[in-house]
Amino acid sequence: MSRVFKLKSSDNETFEVEEAAALLSETIKSSSSTEITVPNVKAEILGKVVEWCNKHAESEDTKDQLIKEWDAEFVSVDQHVLFKLITAADYLQIKELVDQLTQRVGDMIKAKTLKTVEMTYPTFNVEREVQEELKSLGF
Amino acid sequence: MSNQKKRNFQIEAFKHRVVVDPKYADKTWKVLEHAIREIYNHNASGLSFEELYRNAYNMVLHKYGEKLYSGLVKTMTCHLKEISKCIEAAQGGMFLEEMNKLWTDHNKALQMIRDILMYMDRTYIPSTQKTPVHELGLNLWRDNIIHSSKIQTRLLNTLLELVLRERTGDVINRGLMRNIIKMLMDLGPSVYQEDFENPFLEVSAEFYKGESQKFIECCDCGDYLKKAERRLNEELDRVTHYLDARSEVKITNVVEKEMIANHMLRLVHMENSGLVNMLLDDKYEDLGRMYNLFRRVANGLSTIREVMTSHIRETGKQLVTDPERLKDPVEFVQRLLDEKDKYDSIIKLSFNNDKTFQNGLNSSFEYFINLNTRSPEFISLFVDDKLRKGLKGVSEEDVEVILDKVMMLFRYLQEKDVFEKYYKQHLAKRLLSGKTVSDDAERSLIVKLKTECGYQFTSKLEGMFTDMKTSQDTMQGFYASHPELGDGPTLTVQVLTTGSWPTQPSVTCNLPAEMSALCEKFRSYYLGTHTGRRLSWQTNMGTADIKATFGKGQKHELNVSTYQMCVLMLFNNADRLNYKEIEQATEIPALDLKRCLQSMACVKGKNVLRKEPMSKDICEDDTFLVNEKFTSKLYKVKIGTVVAQKESEPEKQETRQRVEEDRKPQIEAAIVRIMKSRRTLDHNNVISEVTKQLQSRFLANPTEIKKRIESLIEREFLERDGTDRKLYRYLA
């Protein structure tokens, strides 16, 4: 018999989560009660987190190609949502989810890098800069 | 130097909705501090996990992790200091109980605290490399309780005292001990070792030093060992019940050193109860215990082994040089076998079939058996006795067992060629008198000797058996071709090939007329079918069955030697004869004649002749008559079987001389073999090679080898090198 956990969002919406999915969260694991209120996280975000947990409770093998694809879909949201998800995952201490989300942020930064630089300094040519740098190092 | 262009990319600051109140941190901490105290006071049920978790989370998020952490340290330390006072105040037996109870409480509380502070544990602490909550809790306990000045010594002394009480026979609370020791183990290996284990080992060493001293003064060896064994088992038991498993080897080392290693020699050599006494009395259990205990310490087993080996050598030496024992060869050998059996049992039952002990036993036997030069002869006599009558009615397997034991003694002999000579003599007598109990047993032993020494050793022995068989066939052929002889005396001839049988000097003997005619017929028959051979009658080795009628008509069949037959047949033609007449008529050599007459006239129950005067010895003036009054319960009377006996002194000298003579060609053959393959070799190497080659037969004497070399040089088989006198060269 698996227990059922109740997760409450800041706007008072309750999500019921099966034990297998819930125990992906370290916080819930340590908790003495089966009802957790997650502060500052709205229902919309909490719902997505629950969705992630359910998906990952089903299949344990995270190296599975299908899961990978699903995960990639999952994190393709805009910056605002992304940061809210990180907060929730951090509070609930779901390491895997935190890692995936922060990885996404890193990728976004990488993507932003060149564009932002060139937008800020129109005369700046990244390629030329790199080549000169390499020459000065002796390559 | 190149310029590293710093690339600072700014992510938009994440705005947290919670209001940042400067007093917020203080308020939040107060809540948590209260909660921790409540947990310690067993009031946790009133707390809300998620509320506390959220508070801790918020503090860390707002960069107040430091405040939270140091607050935790302060609160726990303060609490533990109070606990310390409670424990210090406990009296006597309650000291450990109180500590145990409070330790259990502390662990429960720590678990709960860790749960609510989990966020800090997983994020703030790793990044600042501070001690995680659980470990922190243990360290604070260690520093404030275990290492508190009022507790540290008292704890150790309490524990050690309980161990001492248990060692002196009291029953202690093992469960409590286990919990306390486990506490020390949980606090870290160095805590367990320094605050308990090391002092424990020191105190134990002192204890066992004293105890062993006390015991060794008043106990005998067997009892002491029992006590030592018991103490070892106790310590093992102690470790199993309430110490760290890794202490086992350390504490057993202490006991082994104090109780066994330090007193090893005194125990082994203890008067009236030491190792030698145990060996003599076959104390299997005590010996086994000694073995098991001594094997734990360095040189333990070698000490036992050395004492055992020298004891066996001593007793063996006494055995073989005791003149009383040497009177009966069969008893002598049986005694050796009994000794061997005794020690085989000891090694099997008490010494775990240890190979090194077996080797020690073997080398001891080899040493003392060869101290007596008559050992080969005696062993052959023992075998002879067994094959004549000793093995009668014994099952096949048991026969094999006895023969194997004999072979084992044989292996110890250095002078195997001497054994061979005697064995041949004794075998010849057995075969010719038909006195062997079992042909299979004889053959079995030959096979064993062949396996041990090679074909060369036994080829002649086998030749003897072949001769016996061939002779049977020859006799059948003889009687088949001379049917007219069926009514006369029955002749049975064994034709012996000279090389295979022990050499006998040729003897004179006048056979009675009836016999000599028959023998001539046989001789012509045999030489008819085997041209080019020479036959000579060995009258000193034959037997005869003759029917005799005495004074009152009593008839008996007498089984006698050929010599005795010749003497008795004379009385068919004369009533009384004196010694000289008998000697002339039979031409039997004096010594043999005297022996023969003595066996017929002076032995009770076999006195078919009467002698005048009735003295015990045969003199040249004696007269002999048939003893008309001879009686015997049996119809068939055996007189004078040719039995193998222990040699007299002159006979022994003779045999020894013959052995030495036989060795000379063997040595020469070995020298020639070696030189042929090496071409040139120096003196010392020749000696060692020759000795090695001949080792399986006898121990070659270097002086003798030198003489043989000289002889070979004379006969131009070898030469000395011109410049180096120590070098020899082979001459093809």
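Student: What does it take for two strands to count as paired?

Tutor: Two strands pair if DSSP finds at least two bridges between them. Keep in mind that this is a predicted model.

Student: In what order do the strands of the open sheet in chain B lie?

Tutor: The order is 1-2-6, three strands in all, with mixed pairing. Strand 1 (543–549) and strand 6 (636–638) of chain B are the edges, since each pairs on one side only. On average, neighbouring strands of this sheet are turned by 25° against each other, direction ignored.

Student: How many bridges join strand 2 to strand 6 in chain B, and do these strands run parallel or antiparallel?

Tutor: There are 3 bridges between strand 2 (residues 555–561) and strand 6 of chain B, and the two run parallel. To find the place on screen, look for B:Leu558, which stands opposite B:Val637 in strand 6 of chain B.

Student: Which helix packs on the sheet?

Tutor: Helix 25 (residues 562–570) of chain B does, and it touches strand 1 and strand 2 of chain B. The direction of helix 25 makes about 130° with that of strand 2 of chain B.

Student: Is helix 25 of chain B mostly covered or mostly open?

Tutor: Begin with the general idea. An α-helix has 3.6 residues a turn, so residues three or four places apart point the same way. In this case helix 25 of chain B is mostly covered, with 8 of its 9 residues buried. Among them are B:Tyr563, B:Cys566 and B:Leu568.

Student: What covers the buried residues of helix 25 of chain B?

Tutor: The cover includes strand 1, strand 2 and strand 4 (609–612) of chain B. It also includes helix 24 (513–529), helix 26 (579–586) and helix 27 (590–601) of chain B.

Student: Now a single residue. Is B:Asn55 buried or exposed?

Tutor: The cut-off for buried is under 20% relative accessible area. B:Asn55 has 14%, so B:Asn55 is buried. This residue lies in helix 2 (residues 49–61) of chain B. Leaving out residues up to four places away in sequence, B:Asn55 touches B:Thr28, B:Val31 and B:Leu32.

Student: How many helices and strands does chain A have?

Tutor: Chain A has 7 helices and 3 strands, and along the sequence they follow the pattern β-β-α-α-β-α-α-α-α-α. Of its 139 residues, 39% count as buried.

Student: What share of the contacts in chain A with a separation of 6 or more comes from residues 24 or more positions apart?

Tutor: Such residues account for 58% of those contacts. As for the surface, the accessible area of chain A is about 8,500 Å², and 53% of that belongs to carbon and sulfur atoms.

Conventions
Residues numbered from 1 in each chain as written. Chains lettered and ligands numbered in written order. Predicted model: local features only at pLDDT ≥ 70, side-chain atom pairs only at ≥ 80, totals over all residues. Heavy atoms only, no water. Helix = DSSP H or I, 4+ residues; strand = E, 2+ residues; numbered from the N terminus. Axes fitted to C-alpha atoms, helices over the stretch in contact; angles between N-to-C directions. Contact = heavy atoms within 4.5 Å. Buried < 20%, exposed > 50% of the residue type's maximum accessible area, 1.4 Å probe, protein only. Areas by Shrake-Rupley, 256 points an atom, 1.4 Å probe, with all protein chains shown as cover.
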